[in-house]
Amino acid sequence: MSLSPLCDWDDAFANMKHVKNSAELPDFWAARAAGYRADLTRSGHRLDLDIAYGSHPREKFDIVWPDGTPKGLAVFIHGGYWMRLEKAHWTDFAEGARAKGWAVCVPSYTLAPEARIHEITAQIGQAISTAAGLVDGPIRLSGHSAGGHLVTRMLCSDSPLSGSVSMRIAHTLSISGLHDLRPLMHTGMNRTLNLDLEEARAESAVLAQPAAAAPLTCWVGGGERPEFIRQARLLSDMWTGLDVPVRCEIDGNHNHFTILEGLKQPGSPITTAFVGPVPQEGP
């Protein structure tokens, strides 16, 4: 017997509906990121665009290089409910990590409905593996919203990453991440995502066995939709019980979009969580 949903799940995940003028954000992000790329080029900083990691037109990533030898590889995976946006919207969010000496990889991936979520997970594994072959040293992963789902999937026992790449992951930062995909089956988005229960379970990190005790931070804004706060706490609680060093950080009153702004600042708490000291203890 299936249960009828008790919640308006469309509203629970409707970030733009609850943030004033949010419909303008994608164009704003794209313009700001383009300006950042132009500034990097004018100032002589190295920026490699459209490096292919597969044969699909969207299987490409950019790398923003630091001054000097990189400390390691930092990867930022964008959100958009696996259905929207691309790497070119987000380049400027690499600045905090770049300024702290990291090479920052920002990939695109095939969007739903052309790709199922499990296929996107596999693509991100390939993107990280390809970038790892270009940059030596430790790897730091970060992803926002659907990107938070994708980076935490890299830590699961069925991760698409090889053992040699997985061993290099020093820390993962899931920002407003989606870790339990089952509620999405009750949304209008699922007409595009095409999630069934089998895939929703398989792609939910909260139901997965972590591959190792790799440090994880679940970071979420205090002004976000309650479902995103629940999902951050849920993964933290579940994986703490599986002996993963994980903490949950509820950041002020940030909404689903302002939560990212600190990534542009090398001294911000969220950038420190991304590429700074590794958290050692639980929540």
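**View 1. K87 and D62 meet in a salt bridge.** The gap from N to O is 2.9 Å. A salt bridge is a side-chain nitrogen of Lys or Arg within 4 Å of a carboxyl oxygen of Asp or Glu. K87 lies in the loop between β3 (73–77) and α3 (95–99), while D62 lies in strand β2 (residues 60–64), so the pair ties together parts that are 25 residues apart in sequence. Helices (H or I, at least four residues) and strands (E, at least two) are DSSP runs, numbered from the N terminus. K87 is buried at 7% relative accessible area, and D62 is buried at 3%. Buried means under 20%, exposed over 50%, and partly exposed in between (1.4 Å probe, protein chains only).

This is a predicted model: local features need pLDDT of at least 70, side-chain atom pairs count only at pLDDT 80 or more, and totals for chains, interfaces and linings use all residues. Residues are numbered from 1 along each chain as its sequence is written, and side-chain values use heavy atoms, leaving out hydrogens and water.

**View 2. R153 pairs with E203 in a salt bridge.** Their closest N and O atoms are 3.0 Å apart. R153 sits in helix α5 (residues 146–153) and E203 in the loop between α8 (197–202) and β7 (216–221), so the pair ties together parts that are 50 residues apart in sequence. Both R153 and E203 are buried.

**View 3. K17 forms a salt bridge with D11.** The closest N and O atoms are 3.0 Å apart. K17 is exposed, with 63% relative accessible area. D11 counts as buried, at 18%. The structure holds 20 salt bridges.
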